[in-house]
Amino acid sequence: MNLKKLLEWRRSYRKFDENKPISNEDIEDILNSIKYASCVNNRQYLRFISVEDKGKVLEVFDNTKWAASLPNNLGRPKVGERPVYFIAILSDNDKKLRFNGIDEGLVISNLTITAAEKGIGSCIIGSISDKKMREILNYEDNYYCEVVVAFGYPIVNSTIKEIDTTEDQSYYLDNDGNYIVPKYKIDEIVRRI
């Protein structure tokens, strides 16, 4: 897949084929993408938990909130649609930099692009509780979790629809249950000088 197609395909997916596991080889490739991510001053303060055990995956899933823009819990995966793998991203409280969010974003981009190249969809989830994640994943006191990334083979499509900045940018489902993600037109958000 060329880069443009890869970027077009790499959207947030919220419904997966729960019966299709991700191979150990693909998990290794996804995890190895971490070392290629740029980070501020090369500090590498982030840590990661690869949640591969099916029971733990379900525990993490049960403690996440999905698709807040959709009414009536329509965006939450049902049994058979849940993710099969998670990566929790941990920040170090003792060494926190003001650029932690940038480092997280760069790593997440690598993780999700690597997964997308293999046909694996992902969803970045910030609606979590550090307290609950700590109970489930048992990490050190000086770390906290603000985001987890869910992975699986998507069973729906997710496409971009270009819109003007005056239009509602909330994502929605089409008549077939696929995600439509409005994105502003480049000419409306980029000023060229």
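**Exercises on a predicted model**

At the start of helix H3, a side-chain oxygen of aspartate 53 comes to within 3.1 Å of the backbone nitrogen of glycine 55. This is a predicted model: local features need pLDDT of at least 70, side-chain atom pairs count only at pLDDT 80 or more, and totals for chains, interfaces and linings use all residues. Residues are numbered from 1 along each chain as its sequence is written, and side-chain values use heavy atoms, without hydrogens and water.

**Exercise 1.** Find the buried residues of H3, and state what they pack against.

*Solution.* 
- Take H3 as residues 54–62. Helices (H or I, at least four residues) and strands (E, at least two) are DSSP runs, numbered from the N terminus.
- Apply the cut-off: buried means under 20% relative accessible area, exposed over 50%, partly exposed in between (1.4 Å probe, protein chains only).
- Val57, Val60 and Phe61 are buried.
- Down the axis of H3, these residues fall within an arc of 100°, so they line one face of the helix. The arc is that of the directions from the helix axis to the C-beta atoms.
- Their packing partners are strand E1 (47–51), strand E2 (85–92) and helix H5 (130–137).

**Exercise 2.** Describe the surroundings of aspartate 92.

*Solution.* 
- Aspartate 92 is buried, at 3% relative accessible area.
- Leaving aside neighbours within four places in sequence, aspartate 92 is in contact (heavy atoms within 4.5 Å) with Tyr45, Asn142, Tyr143 and Tyr144.

Key. A polar contact is a pair of N or O atoms within 3.5 Å; within protein, one must be able to donate a hydrogen and the other to accept it, and residues adjacent in sequence count only if both atoms are side-chain atoms.
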